[in-house]
Amino acid sequence: MATFQSLPGFREFYPEDFARRNHIFRLWRQTASTFGFAEYDAPVLEPLELYKAKSGEEIEAQLFSFTDKGGREVALRPEMTPTVCRLVGAKASALKRPIKWSSIAEFYRYERMQKGRGRCFSQFNADIFGEPGPEAETELIAMLVQCLAAFGLTEQDFYVKLSDRNLWFYYLEALGIDEPRIRGVLGAVDRFEKYGEEAFKGYTEQFGPLDDGVKIKVLAFLQIKSLAALEHTLGSIGGEKLTARLADWKKLLGNLEAMGLARFVEVDLGVVRGLAYYTGFVFEAFDRKGELRALAGGGRYDEMVQKLGGPALPAVGFAVGDMTFALLLEQRGLMPTFVQVPDVYCVIGGAAERHAAFGDIHALRAAGYRVDYPLKEVAFGKQFKVAAESGAKIALLYGGDEIAKGVVKLRDLTDRSEREVPQADVVATVRDFFTGGR
RNA sequence: GCGGUCAUAGCUCAGUUGGUUAGAGCACAGGAUUGUGAAUCCUGGGGUCGCGGGUUCGAGUCCCGUUGGCCGCCCCA
């Protein structure tokens, strides 16, 4: 057993694991690019204040934080939102609108390990700044769907729940509830799915029992699962804010439907999301079977940039974590196995032939082909076995007889046919083979 | 932070009521095989039995502690 092991919750990526992670990152990047998002990155280590200012003292318990040698209180980033808000805020006036940014980065939280959750994890983050209307949500939800669909997942595998903190506020206001109590009710709504009636316990302790008439309405509102039901409930109340908000909902859902994504999106007002900074639409992606943690989450946070010292700048964003997502891909058999496969494997006779082969090997590699060969002298039989197992399409045979004739034997490892090629033509011949010529 | 459960080779595991030098399969490496691919056979490397203490003539095995993994709770991207 090794003397040293990795810290609890941290991951090591052996080549096979690294290839899987690369596969995920590659498709996320590609998706972000097709949606016109620009990629950025930022420091892993940030001033502790950045997170205290944003999320309150409680999140500090989950931070990897310490004092550096200069006496600064610092923390490993637990999420990207405060950082990206600082970056955008600092240059907001110089950035072309809309500001569409994305990143793939690793984050750290000092938490108890569990399935789909570790102390370090990677997230794909995407945000749009400077767009107050539901057009921004349209872009982000569409991209969120594509970030999962790009791997072959369908509406039978996952869906996105859409909710709205503004709508809750306006509705509860219309019922005559003041702001502190609204927050209390939202806390109960957040927990209702899991705890049922128990969810209101915290509210009752703080504010006393919720009026029965109000509670019935809250419970009914919470179970709304369609735009039609929403309109039905709110239509009778009216009011400028609610009417305008309903128009936003219609626009967002209409946009998503026009993109052909309606089958991925479900209205679910039971989602309000715990993070305090969300200010409008919020959404979360889940696997359809309901076996895993949330795959992704996001929402609007219009006040964050300003709170961190920047200009007033509306913002929406979401994040997809890599751990739960990888579990889902594996469950659905959508995680390919990755092997490093050479294009060409060279079978080499002895020391003299080896030197003859090296020139071609390097020339082929410089031409962009993946070429491998045994580092040590090995019996022919074994070399051919290795060549076949490597997955290479062709083997180049550098034997004494061939070298003497100034040729190389090219073996097609798929159909086992062989032919001789003048050594001077090796690169051109290999190129023809792979471009379809043969 | 709380509870359950587990820990023997790189992986999957066996190891008798406590008894000599801890085993197998797979994987890896070498050979049988100095000119051609899935087989077979032989050989080899690799272990502080998670770590520490205790009981015992003797501990992989029993007891206590500890660390780590997994699962659930709390919390929450």
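Buried means under 20% relative accessible area, exposed means over 50%, and partly exposed lies in between, with a 1.4 Å probe and protein chains only. The exercises concern a predicted model, in which local features need pLDDT of at least 70 and side-chain atom pairs count only at pLDDT 80 or more, while totals for chains, interfaces and linings use all residues. Residues are numbered from 1 along each chain as its sequence is written, chains are lettered from A and ligands numbered from 1 in the order in which they are written, and side-chain values use heavy atoms, with hydrogens and water left out.

**Exercise 1. Determine how Tyr 40 and Trp 101 are arranged, and where each of them lies.**

Solution. Rings of Phe, Tyr and Trp (its six-membered ring) pair if their centres lie within 6.5 Å, and planes under 30 degrees apart count as stacked, over 60 as edge-to-face and the rest as tilted. The structure holds 21 aromatic pairs. In one of them, Tyr 40 and Trp 101 have a centre-to-centre distance of 5.3 Å and 40° between the planes, which makes the pair tilted. To place the residues, note that helices (H or I, at least four residues) and strands (E, at least two) are DSSP runs, numbered from the N terminus. Tyr 40 belongs to the loop between β1 and β2 (45–47), whereas Trp 101 belongs to strand β5 (residues 99–108), so that the pair links parts of the chain 61 residues apart. Trp 101 is buried because its relative accessible area is 17%, and Tyr 40, at 11%, is buried as well.

**Exercise 2. Carry out the analysis for Phe 151 and Phe 325.**

Solution. The centres of Phe 151 and Phe 325 are 4.8 Å apart with 80° between the planes, an edge-to-face pair. Phe 151 sits in the loop between α4 (134–149) and β7 (158–164), and Phe 325 sits in helix α12 (residues 322–331), 174 residues apart. The relative accessible area is 6% for Phe 151, which is therefore buried, and 0% for Phe 325, which is buried too. Finally, both residues belong to one aromatic cluster, together with Phe 25, Trp 28, Phe 124 and Phe 318.

**Exercise 3. Describe the open sheet of five strands and the helix that lies across β14.**

Solution. Two strands pair if DSSP finds at least two bridges between them. The strand order is β13-β12-β14-β15-β16, with mixed pairing. Because β13 (371–372) and β16 (418–422) each have a single partner strand, they stand at the edges, and one side of each is left without a neighbour in the sheet. Further in, β14 (residues 394–398) and β15 (residues 407–412) pair in the antiparallel sense over four bridges, and Leu 397 stands opposite Lys 409 in β15. Helix α16 (residues 426–434) lies across β12 (344–348), β14, β15 and β16, and runs at about 165° to β14; axes are lines fitted to C-alpha atoms, for helices over the stretch in contact (heavy atoms within 4.5 Å), and angles run from 0 to 180 degrees between N-to-C directions.
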